[in-house]
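Please look over the model below. My notes follow as numbered points.

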Amino acid sequence: QVQFVESGGGLVQPGGSLRLSCAAPGLSLDYYAIGWFRQAPGKERERVSCSSASDGSTLYLDSVKDRFTISRDNAKNTVYLQMNNLKPEDAAVYYCAADIERRRCQWVGGTWNYWGQGTQVTVSP
């Protein structure tokens, strides 16, 4: 069942920045670990980042660790992914999802649900 709405994608040149947003009216994101994922054409889906509801801990894919930042705004019930110094290999459709069984992030496994339609990120000179 799709409930999340991702936004903020677009076309950016290498080295540019974008901020993605993940929101779901009617669902409190503060109850769940929230993850950002991406999938490029012809490639497998990757887990990019995760934000824990329980203790504020975060996880990042190694290739984005020094460039991306995940954050929450509980008042707006929104999770963000700030992406800086974007590279062509970052181009993909980005999705957010909730681990419906956990509040703290874990990189392996999880039960991810409430997928949105995704937002397209294109990085091109």
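1. In this predicted model, one cavity of 30 Å³ or more is counted. A cavity is a set of points on a 1 Å grid over the protein atoms alone where a 1.4 Å probe fits but cannot get out. The largest cavity holds about 50 Å³ of space. Here a volume is the space filled by probe spheres set on the points, which are joined across faces, edges and corners.

2. What lines the largest cavity? Its lining is Gly35, Phe37, Arg47, Ser49, Cys50, Leu59, Gln106, Trp107 and Trp112. Lining residues have an atom within 4 Å of a point. Strand S4 (33–39) and strand S5 (46–51) are the elements that give two or more residues to this lining. S5 gives the most, with three residues. Strands are DSSP runs (E, at least two residues), numbered from the N terminus.

3. Val108 sits in the loop between strand S9 (92–99) and strand S10 (112–113). Is Val108 buried or exposed? Val108 is exposed, with a relative accessible area of 68%; exposed means over 50% and buried under 20%, with a 1.4 Å probe and protein chains only.

4. The protein chain has zero helices (H or I, at least four residues) and 11 strands. Of its 125 residues, 43% count as buried.

5. Residues are numbered from 1 along each chain as its sequence is written. Local features need pLDDT of at least 70, side-chain atom pairs count only at pLDDT 80 or more, totals for chains, interfaces and linings use all residues, and side-chain values use heavy atoms, with hydrogens and water left out.

Notes:
On a 1 Å grid over the protein atoms alone, a cavity is a set of points where a 1.4 Å probe fits but cannot get out, and a pocket is an open set with protein on both sides within 12 Å along at least five of seven lines; lining residues have an atom within 4 Å of a point.
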